[in-house]
Amino acid sequence: MAISVALVDSMASLSSDLFYDILRRLDGPTLASAACACAAFCSISKEERLWENVCSSMWPSTNREDVKSLISSIGGFRKFYADCFPLIVNKEVSENQGNNYPEYPEEWSEAEYYGDMDGFDSISPSDFVSIVDIRYKDKTICSKVLWGIPNANGFDGWFYNCPFRIDLLTYAARDDESDGEVTLSVSDGLPPVASMERERKDGKLWRELCDGLRLSWIVVNRKIKQAANLASWSPLGGQRHWPTDKDFVLRFGSVLPAKDILPCQVVECILRMKFRVIHTEGEEGTHTTLKLTELSMQLEDMEGAHVNGRNSLLILKEALSCHRSKNYSEVLESCHLYSKVQSELKEEKIRNESRLDRLCILSGIAAFLMFWYYML
């Protein structure tokens with residue numbers, strides 16, 4: 001007891017400047033834990049400057065002055081970190097969901113197809129901001145910021161009724177100061193590639209990409225002052241050497257709620273990243289570089305159909321206030337459960353179509369036999 005009292009007295013005698021110097025060296029989770037240790041740490045940990053340092057270390061895009069002003073307007077860096085560090089977890093995905101959601105009506109009225117526009121007045125595409133950072137082995141290789149949603153020009157525009165898609169490399173470069181190519185090379189930690197034939201056998205480069213790449217895609221709504229990270233941080237899957245012999249495609253994403261928006265109740269936010277392998281000849285031999293050629297977002301329902309622009313805006317707005325978790329295994333479990341239910345739904349659809357095909361064939365044979373029976 002005497003020892004604990006002595007420790008408290010010794011900490012009280014230390015200056016707050018020393019406490020601040022200690023806390024500013026911590027990462028986000030450690031800083032949040034230190035805030036619960038004592039009253040002094042709790043008070044100092046509320047300093048915005050500490051959380052600004054944490055955010056800039058986690059997401060280099062937040063170093064931009066326009067992004068700093070945005071974060072300050074929606075509640076500050078401490079709130080921004082609390083909203084965006086935990087990843088989205090959707091626990092509404094059940095194993096029976098694929099068979100339980102209501103069917104689309106056979107005939108749609110115009111109001112049913114395009115939705116109730118009265119409830120859509122509060123959503124403006126210009127209110128959404130995308131803050132994107134890509135890391136490879138703790139080294140930032142790409143930081144992009146996209147203000148608004150491209151091609152969303154009024155309610156009469158095609159955007160609201162066509163499949164929703166954001167190609168970040170196409171649109172962010174227009175307002176981005178660093179609009180150069182995004183590449184990865186051996187100097188960034190990539191393993192040397194002697195030939196693509198060797199890579200096809202051992203898959204070393206592919207494994208390094210899957211293990212080392214990290215993606216953060218934060219969506220902010222300036223009007224409602226909310227933000228969320230829609231990425232899964234590490235890849236959920238991908239394909240190597242597709243559709244050509246020099247492409248690597250990785251898929252990130254999350255499962256978003258679509259209750260009262262779509263019959264399937266949940267959708268998948270797919271963040272697609274593609275790298276192209278480029279070989280260059282030099283004096284020291286052949287050098288292999290990976291060039292980022294695609295970084296996009298789109299939403300798909302349980303049947304794999306693309307969600308249109310209007311419903312996508314509604315879903316993105318709902319996603320900013322849905323459940324999140326710091327437990328990464330829980331996040332992966334949610335995504336894998338969605339994939340499982342989606343696969344079961346596709347298999348059930350194939351079985352139903354196969355039964356229908358057999359029924360049509362049997363009906364045709366029966367009709368043919370009946371025809372010849374009456375003819376003879």
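**Notebook: cores, a helix pair and a hairpin**

I started at Leu 256 and, setting aside neighbours within four places in sequence, listed what Leu 256 is in contact with: Ile 88, Asn 90, Leu 230, Gln 265, Val 266, Val 267, Cys 269, Leu 299, Ile 315, Leu 316 and Ala 319. The model is predicted.

I then looked up the largest nonpolar core, which has 66 residues. Leu 256 is among those with the most contacts inside this core, along with Leu 213, Trp 217 and Phe 275. I checked which element gives the largest share: strand β10, residues 266–282, with seven residues. I also noted a second, separate core of 25 residues, including Cys 55, Val 67, Leu 70 and Cys 84.

Next I took the helix pair α5 and α7. Helix α5 covers residues 48–58 and helix α7 residues 77–84. Their axes lie 8 Å apart, at an angle of about 40°. Angles from 65 to 115 degrees count as roughly perpendicular and those under 35 as roughly parallel, so α5 and α7 are oblique to each other. On the α5 side I listed Glu 48, Trp 51, Glu 52, Val 54 and Cys 55, which meet Phe 77, Arg 78, Phe 80 and Tyr 81 of α7. By class, this contact has six nonpolar residues, three charged and no polar.

Last, I went to the hairpin of β2 and β3. Strand β2 (residues 128–136) pairs with strand β3 (residues 139–147) in the antiparallel sense, over eight bridges. I looked up Val 132 and found Lys 144 as the bridge partner in β3. Two residues sit between the strands, and Lys 137 takes a positive phi near 55° in this hairpin.

Notes. Residues are numbered from 1 along each chain as its sequence is written. This is a predicted model: local features need pLDDT of at least 70, side-chain atom pairs count only at pLDDT 80 or more; totals for chains, interfaces and linings use all residues. Side-chain values use heavy atoms; hydrogens and water are left out. Two strands pair if DSSP finds at least two bridges between them. Helices (H or I, at least four residues) and strands (E, at least two) are DSSP runs, numbered from the N terminus. Axes are lines fitted to C-alpha atoms, for helices over the stretch in contact, and angles run from 0 to 180 degrees between N-to-C directions. Angles under 35 degrees count as roughly parallel, over 145 as roughly antiparallel, 65 to 115 as roughly perpendicular and the rest as oblique. Contact means heavy atoms within 4.5 Å. Ala, Val, Leu, Ile, Met, Phe, Trp, Tyr, Cys and Pro count as nonpolar, Asp, Glu, Lys and Arg as charged, and the others, Gly among them, as polar. A nonpolar core is a set of buried Ala, Val, Leu, Ile, Met, Phe, Trp, Tyr and Cys residues joined through side-chain atoms within 4.5 Å. Buried means under 20% relative accessible area, exposed over 50%, partly exposed in between (1.4 Å probe, protein chains only).
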